[in-house]
Amino acid sequence: MSTPFATRLTVIDDMTLSVECRCGHAALIGVVDLLERYQGNTMVSEVLPALACSRCSRRGSFKHVRIVFMLPEHRALAHAHAAEMRVVGT
Ligand SMILES: [Zn+2]
């Protein structure tokens with residue numbers, strides 16, 4: 001069985017992660033923003049445990065995670081929301 005989200009960041013550098021914490025807090029995280037912190041060969045599945053919810057502080061505990069494509073003009077909006085889900089740890 002393949003690991004969910006065994007996808008390298010560099011392969012999806014024009015995509016956005018749409019995540020929703022178990023507390024209901026949702027956030028959009030541009031993969032391009034993750035690439036400022038992670039190597040391109042890092043798997044999405046390795047990044048998820050390091051994402052902490054800015055509302056409840058749970059880490060890596062999501063109702064859903066989706067990899068979505070956003071138009072460039074919408075991606076700017078996603079970046080504005082990126083701070084809502086903090087990237088912590090390594
Ligand atoms: Zn939360």
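Guide: Two strands are said to pair if DSSP finds at least two bridges between them. Helices (H or I, at least four residues) and strands (E, at least two) are DSSP runs, numbered from the N terminus. The model is a predicted one, in which local features need pLDDT of at least 70 and side-chain atom pairs count only at pLDDT 80 or more, while totals for chains, interfaces and linings use all residues. Residue numbers start from 1 along each chain as its sequence is written.

The protein chain holds 3 helices and 5 strands, and from the N terminus these elements follow the order β-β-α-α-β-β-α-β. An open sheet is built from 3 strands in the order 2-1-4, and its pairing is antiparallel. Strand 2 (26-30) and strand 4 (62-69) each have a single partner strand and stand at the edges, so one side of each lacks a neighbour in the sheet. From one strand to the next, the twist averages 20°, taken between N-to-C directions of axes, which are lines fitted to C-alpha atoms, with angles running from 0 to 180 degrees.

Strand 1 (residues 15-21) pairs with strand 4 in the antiparallel sense over 7 bridges. Among these partners, Ser18 is bridged to Arg66 of strand 4, and Thr16 to Val68 of strand 4.

Strand 4 is hardly covered: of its 8 residues, the count that are buried is 0, where buried requires 20 or more other C-beta atoms within 10 Å of the residue's own, with C-beta atoms placed from the backbone. In the protein chain of 90 residues, buried residues make up 21%.

Conventions
A residue is buried if 20 or more other C-beta atoms lie within 10 Å of its own, exposed if 12 or fewer, and partly exposed in between; C-beta atoms are placed from the backbone.
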